[in-house]
Amino acid sequence: VSYMAKHVSRVRVLIAPGNHDWQVSKLFARILAAYYSKCETVEVLRSPQPRYYVQYGTNLLGFAHGDKPRAQDWAMLMATECPDLWAQTKHRHWHLGHVHHSKRMVSQDLGEHNGVSAEFLGALCGTDAYHMDNGYVGTNRRIEGFLWHADLGLRSRMVRYAEELL
């Protein structure tokens with residue numbers, strides 16, 4: 001957050017609570033909000049809801065952990081939970097995390113021109129006992145960033161691997 005605050009004019013931070021750490025996630029968001037409370041260029045978004053929606057120009061971005069609801073329900077959920085933002089946008093995308101590895105899908109339910117893309121992002125966390133026991137091992141630990149153009153949608157993706165950040 002501090003790095004980005006030095007390089008861009010505005011930083012929005014949100015923590016989508018996970019299925020194993022939702023209380024810690026909420027606490028971490030509160031701590032970040034307090035830490036950056038005097039920084040005018042950083043905004044820490046906090047919500048009691050499990051999903052966040054952010055409009056940036058013609059983009060509607062949804063953020064959630066991704067373990068609930070079912071994959072085929074993401075597009076309609078976005079349209080239902082924020083109909084005003086839906087009506088003002090044309091590029092709609094979900095950023096999800098639950099599976100701890102990259103996975104892309106595009107909702108075909110709304111048609112070719114009105115599709116909502118949903119993407120499961122990689123994770124920076126290491127392998128814990130649960131993931132080891134279930135064979136969820138060997139993923140490339142990483143963090144991903146996205147550059148959205150206000151009118152044209154997704155323009156670029158940035159990836160940093162854990163070993164680069166240490």
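**Cut-offs applied to this predicted model**

Q: Why is Val8 called partly exposed?
A: Val8 has 34% relative accessibility, and because buried means under 20% relative accessible area, exposed over 50% and partly exposed in between (1.4 Å probe, protein chains only), Val8 counts as partly exposed. Val8 is placed in the loop between helix H1 (2-7) and strand S1 (11-14); helices (H or I, at least four residues) and strands (E, at least two) are DSSP runs, numbered from the N terminus. This is a predicted model, in which local features need pLDDT of at least 70 and side-chain atom pairs count only at pLDDT 80 or more, while totals for chains, interfaces and linings use all residues. Residues are numbered from 1 along each chain as its sequence is written, and side-chain values use heavy atoms, with hydrogens and water left out.

Q: How do you know that Ser25 is buried, and what is it in contact with?
A: Ser25, in helix H2 (residues 22-35), is at 5% relative accessibility and therefore counts as buried. Leaving aside neighbours within four places in sequence, Ser25 is in contact (heavy atoms within 4.5 Å) with Ile15, Ala16, Pro17 and Gly18.

Q: What makes Glu43 and Arg10 a salt bridge?
A: A salt bridge is a side-chain nitrogen of Lys or Arg within 4 Å of a carboxyl oxygen of Asp or Glu, and the side chains of Glu43 and Arg10 meet at 2.7 Å, N to O, so the pair qualifies. The pair links distant parts of the chain, with Glu43 in strand S2 (residues 42-45) and Arg10 in the loop between H1 and S1, 33 residues apart. Both partners count as partly exposed, Glu43 with a relative accessible area of 30% and Arg10 at 48%.

Q: Why is Glu144 called buried, and which residues form salt bridges with Glu144?
A: Glu144 has a relative accessible area of 15% and is therefore buried. Arg142 forms a salt bridge with Glu144, the closest N and O atoms being 3.2 Å apart, and Arg157 forms another, at 3.1 Å. Arg157 lies in strand S9 (residues 153-161) and Glu144 in strand S8 (residues 142-149), so this pair ties together parts that are 13 residues apart in sequence. Arg142 is buried, whereas Arg157, at 34% relative accessibility, counts as partly exposed. Glu119, Arg142, Glu144 and Arg157 are linked in a network of salt bridges.

Q: How many disulfides does a search of the whole structure find?
A: The search finds zero disulfides, a disulfide being a pair of cysteine sulfur atoms within 2.5 Å. As for individual cysteines, Cys82 counts as buried at 8% relative accessibility, while Cys39, at 27%, counts as partly exposed.
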